[in-house]
Amino acid sequence: QICILAPLIFAIMVIMPSAVLHVTGNKSTPLLKKAQDQATYIILFGLFLLYPFLSFVAVQGFYCREVGPLHLFGADMRLTCPYDDTDGTVFVWSVIATILYPVG
């Protein structure tokens, strides 16, 4: 779940300096423009680096294996397959993450 929320946390941390400048009343200074440009660049570059990993983690929730009579979650063999428990958090987070990252 932290992998899915990581880009949002990252973006908030990067936007914070320009938000502080905006709130303190420095709305038309070149410093604010520079901070906004740097924040945009850092966020886009960070998302570019995180995208393959996040896509992999998102679709990993749909991978199940049959081991004897058991139907186990491929990423963590201690858990049952998320398909068997559609109300479970792994399945719900996988659907949300797949819509947000690989598809969206």
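**View 1. The hairpin made by β1 and β2.** Strands β1 and β2 form a hairpin with two residues between them, and G68 in that turn has a positive phi of about 65°. This is a predicted model, where local features need pLDDT of at least 70, side-chain atom pairs count only at pLDDT 80 or more, and totals for chains, interfaces and linings use all residues. β1 covers residues 64–67 and β2 residues 70–73; they pair in the antiparallel sense over four bridges (pairing takes at least two DSSP bridges between the strands). Look at V67 and you'll find its bridge partner in β2, L70. Helices here are DSSP runs of H or I with at least four residues, strands are runs of E with at least two, and both are numbered from the N terminus.

**View 2. Y41 and F45 on helix α2.** Both residues sit in α2 (residues 30–60), four residues apart, about one turn of the helix. Ring centres of Phe, Tyr and Trp (its six-membered ring) must lie within 6.5 Å to pair; planes under 30 degrees apart are stacked, over 60 edge-to-face, and the rest tilted. The count by this rule comes to one aromatic pair. That pair is Y41 with F45, stacked at 6.1 Å centre to centre with 10° between the planes. Y41 is exposed, at 58% relative accessible area, while F45 is partly exposed, at 41% (buried is under 20%, exposed over 50%, partly exposed in between; 1.4 Å probe, protein chains only).

**View 3. Confidence along the chain.** Mean pLDDT (the predictor's confidence in each residue, from 0 to 100) is 77 for the chain, and 87% of residues reach 70 or more. Residues are numbered from 1 along each chain as its sequence is written, and side-chain values use heavy atoms, leaving out hydrogens and water.
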